[in-house]
Every structure is written in structure tokens, then in C-alpha cells.
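This report looks at how neighbouring helices pack against each other in one model. Two packed helices are described by the angle between their axes and the distance between the axes.

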Amino acid sequence: TAISLTFGQCFNLKGLNINILDFIVIMCSFLFVDMFDTLGTLIGVANKAKMLDENGRLPRIKQALLADAIATSAGAILGTSTTTTFVESSSGVAEGGRTGLSSVVTGFLFLIAIIFAPVFTTAPALIFVGFLMVSAVVEIDFNDLTESIPAYLCLICMPLMYSISEGIAVGVISYVIVNLVAGKAKKITPLMYVLALLFILKYIFL
């Protein structure tokens, strides 16, 4: 295809007809989309599995992100669709899956399911997965508008924009803006400022 041929030219040492700045922007876009898709799914599924600590953090997240990065890179080299964390994993968690063995079993069953792929559709499974994930909404403090408004915008933008990362971007930007307007700037960490700025620049230049 035209897209694959264009991407292939990026590896041309002569760099003919390639604007290196445009290529860097594209690479950064893919980086942020994959990173925040992975983080959003990872934290959501871990929360469903009750694997987060008392501060809402996932222990050993570095290893999980490293495994995802290796799988994504390997999938790209082999020309497959993105091999990354998927929100459908919450269905396995709901059935009791907690270790890597459940992933191995799931992968084996996927190989068998290839034969039956034309017969079944994924829509019912995705609807059920959405039902499982929406249970986390009850943990939102709706009495605190600086928390509930960004959470609501994040929640509503994911299905409307067809992307978890877009929902996270809107959530981060709105969180910073709402807290600044409400005079609660001390709640905002430096990382949130950086992320909000990067997301805003993304929407401006892309």
C-alpha cells in the first residue's frame, strides 16, 4: 500500500522525499497513543483484579510496560496488528485470571479460535467487557467537582472518540484546567502539567 511504501522510505539512508521533522512527529504520536492506551488499560484491568496498592499504584509496573513494549516492537517487525494490552483482558480477570498462566491459556485458545473466527463476532464480548469495566465508576467522588468533571469527560470521550488514549488526553487536560480554575493548583503534580502541555501541543500541530 501507499502507506507501507512511504513508511519503508524512512529506512532509506539517503532520506529522499522524507521530512525528518514530520517523521519525528508521527513517531511521537504513535508513542503517546500506545503508551496511554497501555497505561489506561493496565491500570483499569489491575484495578478490577484488585492488584493496586493503597495509593492506587500498580506494583512492578515497569516489568509490565517492558513486556508490552517488547511485544509491540516484535509485532511491528513481523507486520502484525498491534500486540499490546487490551481492555478485553478484564473478562479474564472477571473469571479469576491473575497470573501469566492465564495469558498463556488464552493465547492457546486464540489459536484454536482462529478456525471459528468467521462464525462469531466480537460485539457481544466487548459489550460485556464494558459492563465489567464500568463498575469502577462508583469509586469516583462526585461530591468533588475537580475530580468528577475530568473523570466524566474522560469516560464520555473514550467511546465518542473511539480511543482510550484520546479519553485520557481529554481527562488530563481537563483535570489541570479545572483544578487551576478552582484554585487547587497544589493538587496538580509537575508530571500532570507536562502531560497536559504535550496533549495540547498534539491537538494543535496534528
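## Packing of α7 and α8

In this predicted model, helices α7 and α8 are roughly antiparallel to each other, because angles over 145 degrees fall in that class and the two pack at an angle of about 160°. Helix α7 covers residues 145–160 and helix α8 covers residues 164–181, and their axes lie 8 Å apart. The crossing of this pair is right-handed.

On the α7 side, the contact is made by Leu145, Thr146, Glu147, Ile149, Pro150, Leu153, Cys154, Cys157 and Met158. The α8 side contributes Ile164, Gly167, Ile168, Val170, Gly171, Ser174, Tyr175, Val178 and Asn179. Sorted by class, the contact of α7 with α8 has 12 nonpolar, 5 polar and 1 charged residues.

## Packing of α8 and α9

Helix α8 also packs with helix α9 (residues 190–205), here at an angle of about 120° and with the axes 9 Å apart. That angle makes α8 oblique to α9, and the crossing between α8 and α9 is left-handed.

From α8, the residues in this contact are Glu166, Ala169, Val170, Val172, Ile173, Tyr175, Val176 and Leu180, while α9 supplies Met192, Tyr193, Leu195, Ala196, Phe199, Ile200, Lys202 and Tyr203. The contact of α8 with α9 comprises 14 nonpolar and 2 charged residues, with no polar ones.

## Residues of α8 in both contacts

Val170 and Tyr175 of α8 are listed in the contact with α7 and also in the contact with α9.

How values were computed: Residues numbered from 1 in each chain as written. Predicted model: local features only at pLDDT ≥ 70, side-chain atom pairs only at ≥ 80, totals over all residues. Heavy atoms only, no water. Axes fitted to C-alpha atoms, helices over the stretch in contact; angles between N-to-C directions. Helix = DSSP H or I, 4+ residues; strand = E, 2+ residues; numbered from the N terminus. Parallel < 35°, antiparallel > 145°, perpendicular 65-115°, else oblique. Left-handed = near helix turned anticlockwise from the far one by under 90°. Contact = heavy atoms within 4.5 Å. Nonpolar A, V, L, I, M, F, W, Y, C, P; charged D, E, K, R; others polar.
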